[in-house]
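Colleague: Please take me closely through one part of this model, the pocket, and the helix that lines it. Plain terms will do.

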Amino acid sequence: QDVNTNYYGMIDQLVASRGKVFFGCWHSTFTGFINRMRGYHSQNEKAEGWETGALLDTYYYVPKENLRAMHQYAPLRGATFNRENPTSWRDLDRGVAEIPIMMSEKHVHVPTL
């Protein structure tokens, strides 16, 4: 009651981020932000898998081959604007040169410090 409807999506994300289990869509930015918040919560609460950045109760329902993609740490690869990676919550205090990165493009330069 008296909640601006523009906030409904953000409220949904907050609620979903605190769920015991979460299923989202691989290419969804909505899912991506939920996963980032789940990652923050996992670090803060030292949930199972927190040491490696894994979100063991988080799944993707499509595509099927990515069902358990969040169950292990993976370096950045390819276009990542639509998803979140464990570097978002595990490596906040590390420099760019210290973060594992893997790009499929041949001409990608990773700066070193």
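Modeller: The lining of the largest pocket divides into 4 nonpolar, 5 polar and 6 charged residues (Ala, Val, Leu, Ile, Met, Phe, Trp, Tyr, Cys and Pro count as nonpolar, Asp, Glu, Lys and Arg as charged, the others, Gly among them, as polar). This is a predicted model, in which local features need pLDDT of at least 70 and side-chain atom pairs pLDDT 80 or more, while totals for chains, interfaces and linings use all residues. Residues are numbered from 1 along each chain as its sequence is written, and side-chain values use heavy atoms, without hydrogens and water.

The pocket has 15 lining residues, and K20, R38, S42, A47 and D57 lie nearest its centre (a pocket is an open set of points on a 1 Å grid where a 1.4 Å probe fits, with protein on both sides within 12 Å along at least five of seven lines; lining residues have an atom within 4 Å of a point). Helix α2 supplies the largest share of that lining, 4 residues (a helix is a DSSP run of H or I, at least four residues; a strand is a run of E, at least two).

Helix α2 spans residues 29–45 and packs against α1, residues 8–17, at about 45°, with the axes 9 Å apart (axes are fitted to C-alpha atoms over the stretch in contact; angles run from 0 to 180 degrees between N-to-C directions). That angle makes α1 oblique to α2 (under 35 degrees is roughly parallel, over 145 roughly antiparallel, 65 to 115 roughly perpendicular, the rest oblique). On the α2 side, the contact includes F30, F33, M37 and R38; on the α1 side, L14 and A16 are among the residues (contact means heavy atoms within 4.5 Å). By class, this contact has 6 nonpolar, 5 polar and 2 charged residues.

K46 sits in the loop between α2 and β2. K46 has a positive phi of about 50°, although it is not a glycine.
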